Amino acid sequence: METLELFEAPAQDPCQRLGPSALVLRGFALPYVPELMPAIEIVEAASPFRHMVTPGGFTMSVALTNCGALGWTSDRRGYRYASIDPDTGRPWPVMPEAFSRLASQAAKAAGFEHFEPDACLVNRYTPGTRLSLHQDKNERDYDAPIVSVSLGMSATFLFGGQARTDSTVKVPLRHGDVAVWGGVDRLRYHGVMPLKDEPHALLGRQRINFTFRKAG
Ligand code: SIN
Ligand code: FE2
């Protein structure tokens with residue numbers, strides 16, 4: 001079966017730098033996947049995925065839920081963190097231990113020691129969905145990094161500058177990749193291009209993204 005080698009993906013650099021304090025750790029989350037999958041189901045059972053409305057009145061194409069002490073929410077009144085899920089009236093589900101362990105280990109590998117997230121936004125993308133350019137700036141302080149884990153279908157991440165109009169680089173994010181940005185890169189604009197319909201072996205026609213923050 002030697003010919004198969006011709007079709008294998010080229011060996012990837014384990015770490016792709018996007019800025020002085022921003023990088024992608026290729027495949028970093030892969031060893032955690034067996035623990036993450038059942039944990040997502042537990043979170044989703046308590047606080048189902050839903051499509052939130054932006055302050056501008058648009059319904060987001062990406063569905064989301066949260067776990068941890070604080071959850072990111074959006075409605076006509078704005079973006080904010082809240083301890084109660086507005087759909088269930090109950091606190092967001094507890095952050096699974098495997099989630100917080102992955103987040104702090106990835107942060108450490110990227111040079112951010114002692115990252116203890118209190119919020120995990122879980123985004124679910126299906127083919128054609130996208131996330132427009134934005135900054136993560138609803139958190140109380142910007143000392144802690146953002147840790148973003150990709151599972152399932154591949155996406156093209158757009159990583160820009162400090163202003164919305166700055167040019168962006170296109171970064172492929174695949175199953176198991178973890179992007180981390182903090183420090184001088186903490187407020188850089190970022191987004192996700194419309195997802196191509198290329199089903200993933202384990203997750204099918206979806207991409208799950210966890211975005212860990214220290215929000216409160
Ligand atoms: C986000 O910025 O909230 C999500 C980024 C991603 O899905 O990779
Ligand atoms: Fe973001």
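A pocket is an open set of grid points, on a 1 Å grid over the protein atoms alone, with protein on both sides within 12 Å along at least five of seven lines. The views below show a predicted model.

**View A. Ligand 1 in the largest pocket.** The site of ligand 1 is the largest pocket. Strand 6 (119-125), strand 7 (131-134), strand 12 (190-192) and strand 13 (207-213) are the elements that each contribute two or more residues to the shell around the ligand. Strand 13 provides the largest share of this shell, with 4 residues.

**View B. The residues around ligand 1.** The shell comprises N123, Y125, L131, H134, S148, H190, V192, R207, N209, T211 and R213. Sorted by class, 6 of the shell residues are polar, 3 are nonpolar and 2 are charged.

**View C. Polar side chains at the oxygen atoms of ligand 1.** An N or O atom in the side chain of R207 is 2.8 Å from an oxygen atom of ligand 1. For H190, the distance between a side-chain N or O atom and an oxygen atom of the ligand is 3.0 Å. N123 places a polar side-chain atom 3.5 Å from an oxygen atom of ligand 1. On its own, ligand 1 has 260 Å² of accessible area, and the protein covers 98% of this area.

**View D. The lining of the largest pocket.** This pocket holds about 680 Å³ of space. Its lining consists of 34 residues, and those nearest the pocket centre are M60, W72, L131, S132 and H134. Of these, L131 and H134 also belong to the residues around ligand 1. At least two lining residues come from each of strand 6, strand 7, strand 12 and strand 13. By class, the lining divides into 14 nonpolar, 13 polar and 7 charged residues.

**View E. The second largest pocket and its lining.** About 170 Å³ of space lies in the second largest pocket. The residues that line this pocket are S154, A155, T156, K170, P172, R174, M193, P194, L195, K196 and E198. Strand 9 (155-159) and strand 10 (169-173) are the elements that give two or more residues to this lining. The lining of the second largest pocket contains 5 nonpolar, 2 polar and 4 charged residues.

Note on methods
Residues are numbered from 1 along each chain as its sequence is written. Chains are lettered from A and ligands numbered from 1 in the order in which they are written. This is a predicted model: local features need pLDDT of at least 70, side-chain atom pairs count only at pLDDT 80 or more; totals for chains, interfaces and linings use all residues. Side-chain values use heavy atoms; hydrogens and water are left out. A residue is near a molecule or strand if one of its heavy atoms lies within 4 Å of it. A polar contact is a pair of N or O atoms within 3.5 Å; within protein, one must be able to donate a hydrogen and the other to accept it, and residues adjacent in sequence count only if both atoms are side-chain atoms. Accessible areas come from the Shrake-Rupley method with a 1.4 Å probe; for residues, only the protein chains shown count as cover. On a 1 Å grid over the protein atoms alone, a cavity is a set of points where a 1.4 Å probe fits but cannot get out, and a pocket is an open set with protein on both sides within 12 Å along at least five of seven lines; lining residues have an atom within 4 Å of a point. A molecule sits in a cavity or pocket if more than half of its atoms lie within 2 Å of its grid points. Ala, Val, Leu, Ile, Met, Phe, Trp, Tyr, Cys and Pro count as nonpolar, Asp, Glu, Lys and Arg as charged, and the others, Gly among them, as polar. Grid points are joined across faces, edges and corners, and a volume is the space filled by probe spheres set on the points.
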